[in-house]
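Welcome, and thanks for taking a look at this one. Please open the structure below and keep it in view while you read.

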Amino acid sequence: MITVFVEPDNETHTFERHNTVLMLQKRLGLRVNDALIIRGGTLLTPDDRLIDGDEIRVRKVISRG
Amino acid sequence: MKCRKCKAPAEIPLPSHNTAFCRDCFAAYFTGQVEKAIRRHGLINPGERVLVALSGGKDSLSLMLELSRLGYDVTGLHVDLGIPASSPAARAKVAGFCELHGLKLRVVELIKEGLPIPDVKRYINRPICSACGKIKRHWFNRVALEDGFQVLATGHNLDDEVARLFANTLRWDAGYLSDQGPCLNAENGFARKIKPLYRLSEFETACYAFLNGIEIHSAPCPYSGKASFTGHKRLWADLEHQSPGSKISFYDGFLKRGRPAFAQVELEAGVTLAPCESCGSPTSTGICGVCRLGIAVRERRAADPERQ
Ligand code: SF4
Ligand SMILES: [Zn+2]
Ligand SMILES: [Zn+2]
């Protein structure tokens, strides 16, 4: 299972299947440069694989102010 | 993905530039874009003192850090808006950041100046964000002049600039189109205003902030509704996706071919500015807009039965 925390909406999603970052972005309706995809201290690129147990932070970048 | 430069695993994909970088090569790229902006538009001359407007957001803090790393003489300026729900957190974040990196900071407190934003909202019948923006700009400019800073830097990025330019173009607002850009030269009692991050996208500044440990969480302003440019930013994200590089070419093209024409028109229309009778800031109306706001807020606060 993969846990995804979306900022700044403060929403948590969980996904059963293990996908690539690109598939996650598609699922959330995000383009490559719409959000930072963070795992621990690193940024992921669309081709990176997500693995079981991953905790991913999705930080949307279009600022509100 | 591999870094285009060194073939290490990439962390930052940049389709607009048809590339991807590892964090080290991204840092070099980011610095290169800031240096290019400074060089191309003569943003900072050797020996000049730079005042950096620090809101506490990722862009302003990233700008401050990068300019200090490039060796410029920078001082941060934070305007404490006096909003209980958000200002203390923003101020603490700015102060903590400056302390961590050994950077100079000045703070203007609007409560002390008699113009806390909640009072402006309560007593002044106009959109709060426009009044708030005006007050902040006033203080940036005033501190720059009073304390002898030649340059005033803000953290506007490419997405901010393109969204603003687009809005100004939709209205054909000749006044704004005559001087929007990364460099507004000093004149009429204003310091030079610069935007060294104008070549970098919101995504790029967010990556820079993350990689440099600049936390972007802070309490949002309770008055921030739907930001005016968010819709335009989405349109531009679509356009950029379909044809990468659109944003920078729209903006650079405007600077080269659009702005000079509008500047000519404005020169012919021309308004003359004189120092504000109360605070000395340049204005065309005798007493400047912010001093007039201050007077109105003071009068209405004094007449407010709940505040006696
Ligand atoms: S959102 Fe808040 S801080 Fe920003 S301009 Fe409006 S009132 Fe000022
Ligand atoms: Zn590299
Ligand atoms: Zn004044």
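## A β-α-β unit in chain B

In chain B, strand E4(B), helix H3(B) (residues 87-101) and strand E5(B) form a right-handed β-α-β unit. Before going further, please keep in mind that this is a predicted model.

The two strands of that unit are also partners: E4(B), residues 73-80, and E5(B), residues 104-109, run parallel and are joined by 6 bridges.

Chain A has an open sheet of 5 strands with mixed pairing, in the order E2-E1-E5-E3-E4.

## Where the chains meet

How many residues does each chain bring to the contact? Chain B gives 27 residues and chain A gives 23 residues. Together the two chains bury about 2,100 Å², with 59% of it on carbon and sulfur atoms. On the chain B side, the residues that lose the most area to chain A are Met1(B), Phe203(B) and Phe210(B), which together make up 28% of what that side buries.

For the polar side of the story, 6 residue pairs are in polar contact between chain B and chain A, both residues being at pLDDT 80 or more. The interface also has 1 salt bridge, in which the side chains of Asp238(B) and Arg31(A) meet at 2.7 Å, N to O. The elements of chain B that give two or more residues to the side touching chain A are strand E1 (12-14), helix H8 (202-211) and helix H9 (230-242). By class, that side of chain B has 15 nonpolar, 3 polar and 9 charged residues.

## Backbone details to check

Two backbone features deserve a look. In chain A, the peptide bond that joins Glu7(A) and Pro8(A) is cis, with omega about 0°. Pro8(A) sits in the loop between strand E1 (2-7) and strand E2 (11-15) of chain A.

In chain B, Lys7(B) has a phi near 70°, which is a positive value in a residue other than glycine. Lys7(B) belongs to the segment before E1 of chain B.

How values were computed:
Residues numbered from 1 in each chain as written. Chains lettered and ligands numbered in written order. Heavy atoms only, no water. Contact = heavy atoms within 4.5 Å. Buried area = accessible area lost by both parts, 1.4 Å probe. Salt bridge = Lys/Arg side-chain N within 4 Å of Asp/Glu carboxyl O. Polar contact = N/O pair within 3.5 Å; in protein donor to acceptor, adjacent residues only side chain to side chain. Helix = DSSP H or I, 4+ residues; strand = E, 2+ residues; numbered from the N terminus. Nonpolar A, V, L, I, M, F, W, Y, C, P; charged D, E, K, R; others polar. Pairing = 2+ DSSP bridges. Right-handed = clockwise from strand over helix to strand, strands pointing away.
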